[in-house]
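Colleague: Could you take me through the strand pairing and the ligand site, one question at a time?

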Amino acid sequence: MEKNIKNPLKKIVQPLLLWYAETARELPWRRDKEPYHVWLSEIMLQQTRVEAVKQYYLRFMAQLPTIKALAEAEEAVLLKLWEGLGYYNRVRNIQKAAKVIMEQYGGVFPGDYEAIHSLPGIGDYTAGAIASICFEQPTPAVDGNVLRVISRLTNDARCVDLPLVKREITEKLREIYPKTHRGDFTQALMELGAIVCVPNGEPKCSVCPLQKLCLAKQQDTWDQIPLKAKKKARRLEELTVFIFRCGGKLALRKRTQPGVLSGMLELPNTAGFLSETEMVKTAKAWGVSVSDIELCAHEKHVFTHIEWHMRCYFVTCRAEGDAFLWASENELNQQYALPSAFKKILRERQTELPG
Ligand code: SF4
């Protein structure tokens, strides 16, 4: 109790809850407090914007409406539903967790923070979000948005990437959780960081319910806070990528190397930039008989720690070699998940494949 009196953040609770009650956006995953819905949306929201997540979320739920359906789904179906979101291990982990829920919890999502946190792919943030939104636990969900809001409110100029700073902010928030509407409080903080105290550009302090309490606003320091650690430069990798086309089909294969996109389908490729002569040799070694080659694009794709620079060849083949999976356009659209790094090469080329 004494902690709450000393904690200056206590004053944010009521204005934030009032603001959220009046202005919360209608989002498909907020229609109820079903843990599966909150969980899936939170994982998807770690990857892209709310507007893009809506379509992914609705499609996923239409096809896999229950944890049981998710646990039993074919991996190919999961990957297709996730296609374009990236970080495919996340959807694999979602399924692993669904299987644990089926086997260890009789298909019922556990309500305890520690049990939620122990599920595959669920870290502090997601466990905090699910436990508070779905089970009314006083468990903060502290991500970049919340760190920014709290460090601005308190004019805390320390680096938010330091584990100690994150731990302290989490603790300060835990102390001020209200007795009711705990899930709303978690969501209000997230919402404020997403649409008012925004990550890029000037925060919208004039419409912020906390403007009278905010030290960064009073001292005009919002543009220096939060302090973030300098990101390490990405490693550059050069690749030669092949769009092998035979009749109406396109060659795909499963990526076997560990690391980025491991286990996903890909356009055949090899390390380094190959000349045309080297490229024909490589195609031959893969059992592909080349009839025509065209250098079609240079593309760049950025992952978190790596940057791919791709030299892409469009190759017409006489016969399908055995080394690849040959997919029609229809199969590519309906069945196979191809990561964005390769999809954009096809878009660029506007490859037309008869169905
Ligand atoms: Fe962010 Fe401005 Fe609100 Fe402070 S007043 S929390 S800087 S939006």
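Colleague: Which residue of E6 is the bridge partner of Val-241?

Modeller: In this predicted model, strand E1 covers residues 235-246 and strand E6 covers residues 306-319, and the two pair in the parallel sense over 11 bridges. Within E6, the bridge partner of Val-241 is Cys-312.

Colleague: In which sense do E1 and E4 pair, parallel or antiparallel?

Modeller: Strand E4 spans residues 269-271, and three bridges link E4 with E1. One of the residue pairs to look at is Thr-240 with its bridge partner in E4, Thr-270. The sense in which E1 and E4 pair is antiparallel.

Colleague: Which residue in the turn between E1 and E2 has a positive phi?

Modeller: E1 is joined by two bridges to strand E2, residues 249-254, and these strands run antiparallel. Arg-245 has Leu-250 as its bridge partner in E2. E1 and E2 form a hairpin with two residues between them, and the turn residue with a positive phi, about 55 degrees, is Gly-247.

Colleague: How many residues of the shell around the ligand are charged?

Modeller: The residues around the ligand, taken with a heavy-atom cut-off of 4 Å, are Arg-152, Val-196, Cys-197, Pro-203, Cys-205, Cys-208, Gln-211, Cys-214 and Lys-217. Arg and Lys count as charged, whereas Cys, Val and Pro count as nonpolar. The shell accordingly divides into six nonpolar residues, one polar residue and, for the charged class, two.

Colleague: What is the space taken by the ligand?

Modeller: The residues around the ligand include Arg-152 and Lys-217. The space that the ligand takes up is the largest cavity.

Key:
Residues numbered from 1 in each chain as written. Predicted model: local features only at pLDDT ≥ 70, side-chain atom pairs only at ≥ 80, totals over all residues. Heavy atoms only, no water. 1 Å grid on protein atoms, 1.4 Å probe; cavity = no way out; pocket = protein on both sides within 12 Å on 5 of 7 lines; lining within 4 Å. Sits in = over half its atoms within 2 Å of the grid points. Pairing = 2+ DSSP bridges. Helix = DSSP H or I, 4+ residues; strand = E, 2+ residues; numbered from the N terminus.
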